[in-house]
Amino acid sequence: MSIYSRIRPLAFKLPAETAHELGKGALRVAQSTRPTRAGLAAAYRFENPALEIERFGTKFSNPVGVAAGFDKNAEVTHALSALGFGFVEIGTVTPYPQEGNRRPRLFRLREDEAMVNRMGFNGHGMERVKERLQRDGLPSIPLGVNIGKMNTSGEREAIEDYRRVFDRLSPFADYVVVNVSCPNTPEEFDESSPEHLRAVFETIEVENDRDVPILVKIGPDSPEESILDLVDIVEEFELDGIIATNTTTSRDGLESPNQQEWGGLSGAPLEDRSTEIIRTIAEHTDLPIVGVGGVDSAESAYEKIRAGASLVQLYTGFVYNGPSTAKAINKGLAGLLARDGYRSVEEAVGADIS
Ligand SMILES: Cc1cc2nc3c(=O)[nH]c(=O)nc-3n(C[C@H](O)[C@H](O)[C@H](O)COP(=O)(O)O)c2cc1C
């Protein structure tokens, strides 16, 4: 029995956000000294050359990353690296600190291996995140920075928000993500309208003299046509990839009483929908895809890779499966690749699409 399987029932008695904060506190302690970091890495890292992959000019030692939202303020990137993740995406970072929505705003749906959140872009703001990255140094794995607008910003201000955060944090990033798909921030205007997206990308491009790769994170709830229109705009601006998907507002097929809470649903019930979107995008473009939504095992990661994802990320699967999640997925993935005669993840990307 793993330590986590003993701790989990206790942690799950606490409100979800309190448990998350305690978990992050433990990770902060674990990363605070060299020996504890090394101890974590010795216990949890899994290396295998077949898992290495290069995308948008960055080398990943494995394709399993931590999704945005887990470490919004870059507090535990070193611990996440030691736990064997191949990359970590911090954020969503906004220009100024924000409280987010009132608590409670994070709910477990245990029967469904899912969560609902309506955090609403709570965070420390870009200056504190920048100071922390400077003080703590960058993790040894690639770092993504997910950027967003203030909740109160209108359309014009939003563009300026993205520009400011990009300007401040892109020097630390292996890639930057423009997040236009959060279902639980106030809708001041249509963030995914082609006009708005074009204005955002134009502005960021002007700012991007270091040629930092830029990805766009999309939601799972738009019709296929709008998703493909967005992909066309991403291609038009020669951006570097798509992250699919954010959480969903759908509540289909759930059992847990917490399904009635409003917010974005993540975890197992999102798995098939996000894989379907990855497949649709991969059939339409050669842009790199980062697949996210319900990844909690080697099989679910492999399915997304075969559907066209070059990299995968997870949040909810980490909460349900604990610190050995990345190791278990990577070990299993290496086995699945070998079973199917692939020498590398690269060879398996998109294996299921025509
Ligand atoms: C509590 C919570 C907070 C999140 N915050 C963000 C965020 O700030 N920015 C973002 O792009 N996605 C955010 N997400 C979405 C995740 O990055 C991911 O897209 C989604 O949870 C689906 O993956 P999963 O099923 O592995 O959790 C958040 C998810 C959760 C559960």
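## Basis of the model

This is a predicted model, in which local features need pLDDT of at least 70, side-chain atom pairs count only at pLDDT 80 or more, and totals for chains, interfaces and linings use all residues. Residues are numbered from 1 along each chain as its sequence is written, and side-chain values use heavy atoms, with hydrogens and water left out.

## Cavities

The structure holds two cavities of 30 Å³ or more, a cavity being a set of points, on a 1 Å grid over the protein atoms alone, where a 1.4 Å probe fits but cannot get out.

## Lining of the largest cavity

The residues that line the largest cavity (those with an atom within 4 Å of a point) are Glu113, Gly267, Ala268, Gly294, Val295, Asp296, Thr316, Gly317, Tyr320 and Asn321. Helix H11 (residues 316-321) gives the largest share, four residues, helices being DSSP runs of H or I with at least four residues, numbered from the N terminus.

By class, this lining of the largest cavity has three nonpolar, five polar and two charged residues; Ala, Val, Leu, Ile, Met, Phe, Trp, Tyr, Cys and Pro count as nonpolar, Asp, Glu, Lys and Arg as charged, and the others, Gly among them, as polar.

## Lining of the second largest cavity

Gln31, Ala74, Glu75, Thr77, His78, Arg132, Leu133, Asp136 and Gly137 line the second largest cavity. Two or more of these residues come from each of helix H4 (77-82) and helix H5 (126-136), and H5 supplies the largest share, three residues. The lining of the second largest cavity divides into two nonpolar, four polar and three charged residues.

Terms used. 1 Å grid on protein atoms, 1.4 Å probe; cavity = no way out; pocket = protein on both sides within 12 Å on 5 of 7 lines; lining within 4 Å. Points joined across faces, edges and corners; volume = space filled by probe spheres on them.
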